[in-house]
Amino acid sequence: MVIVCFPGDKATPLNGKPGATVSINKFIHRIISLDDVKVVKNAMNMTVNDVLFGIVQAGLSRYLNQRYGKSL
């Protein structure tokens with residue numbers, strides 16, 4: 001049933017075959033202020049965790065779109 005609903009995903013580093021290894025070439029990080037996170041939290045009526053997950057999701061989405069967006 002699942003295969004019928006989700007036929008063939010595009011190949012990305014996130015959905016490799018079982019046993020596949022990933023070599024990390026670089027790691028990018030940012031330092032953000034907790035006060036800035038709290039401002040967004042209060043403005044959007046969310047939790048700090050929601051804001052941080054949103055930041056991570058936005059960065060991951062941007063990376064995948066830049067890397068694989070042309071072939072999608």
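pLDDT is the predictor's confidence in each residue, from 0 to 100. This is a predicted model, in which local features need pLDDT of at least 70 and side-chain atom pairs count only at pLDDT 80 or more, while totals for chains, interfaces and linings use all residues. Residues are numbered from 1 along each chain as its sequence is written, and side-chain values use heavy atoms, with hydrogens and water left out.

**View 1. The whole chain, with its confidence.** The protein chain averages a pLDDT of 79. A score of at least 70 is reached by 62% of the residues. Confidence is lowest in α1, at a mean of 57. It is highest in α2, at 96. Where pLDDT is low, the predicted coordinates should not be read in detail. The secondary structure comes to 3 helices and 0 strands. Helices (H or I, at least four residues) and strands (E, at least two) are DSSP runs, numbered from the N terminus. The order from the N terminus is α-α-α.

**View 2. The surface of the chain.** The protein chain exposes about 7000 Å². Carbon and sulfur atoms supply 61% of that area. Accessible areas come from the Shrake-Rupley method with a 1.4 Å probe; for residues, only the protein chains shown count as cover. Of the 72 residues, 4% are buried. Buried means under 20% relative accessible area, exposed over 50%, and partly exposed in between (1.4 Å probe, protein chains only).

**View 3. Helix α2 and its N-terminal cap.** Helix α2 spans residues 34-44 and is hardly covered. Among its 11 residues, the count of buried residues is 1. S33 caps the N-terminal end of α2. A side-chain oxygen of S33 lies 3.1 Å from the backbone nitrogen of D35.

View 4. V37 sits in helix α2. V37 counts as buried because its relative accessible area is 4%. Neighbours within four places in sequence aside, V37 is in contact (heavy atoms within 4.5 Å) with I32, V48, V51 and L52. The C-alpha atoms of V37 and I55 are 9.8 Å apart, across 18 residues of sequence.

**View 5. A nonpolar patch at I32, L52 and I55.** These three residues form a nonpolar patch on the surface. Together they have about 240 Å² of accessible area. Patches are made of residues with over 30% relative accessible area and no salt bridge: like charges are joined within 9 Å, nonpolar side chains (Val, Leu, Ile, Met, Phe, Trp, Tyr) within 5 Å. A salt bridge is a side-chain nitrogen of Lys or Arg within 4 Å of a carboxyl oxygen of Asp or Glu. I32 is in the loop between α1 (2-5) and α2. I32 has 46% relative accessibility, so it counts as partly exposed.

**View 6. N42 and K41, joined by their side chains.** N42 lies in helix α2. N42 is exposed because its relative accessible area is 54%. A polar contact of 3.0 Å joins the side chains of N42 and K41. A polar contact is a pair of N or O atoms within 3.5 Å; within protein, one must be able to donate a hydrogen and the other to accept it, and residues adjacent in sequence count only if both atoms are side-chain atoms.

**View 7. The loop between α2 and α3.** N45 belongs to the loop between α2 and α3 (48-68). N45 has 74% relative accessibility, so it counts as exposed. T47 is found in the loop between α2 and α3 too. T47 is partly exposed because its relative accessibility is 40%. The side chain of T47 reaches the backbone nitrogen of D50 at 3.1 Å. The C-alpha atoms of T47 and V37 are separated by 9.4 Å, and these residues are 10 apart along the chain.
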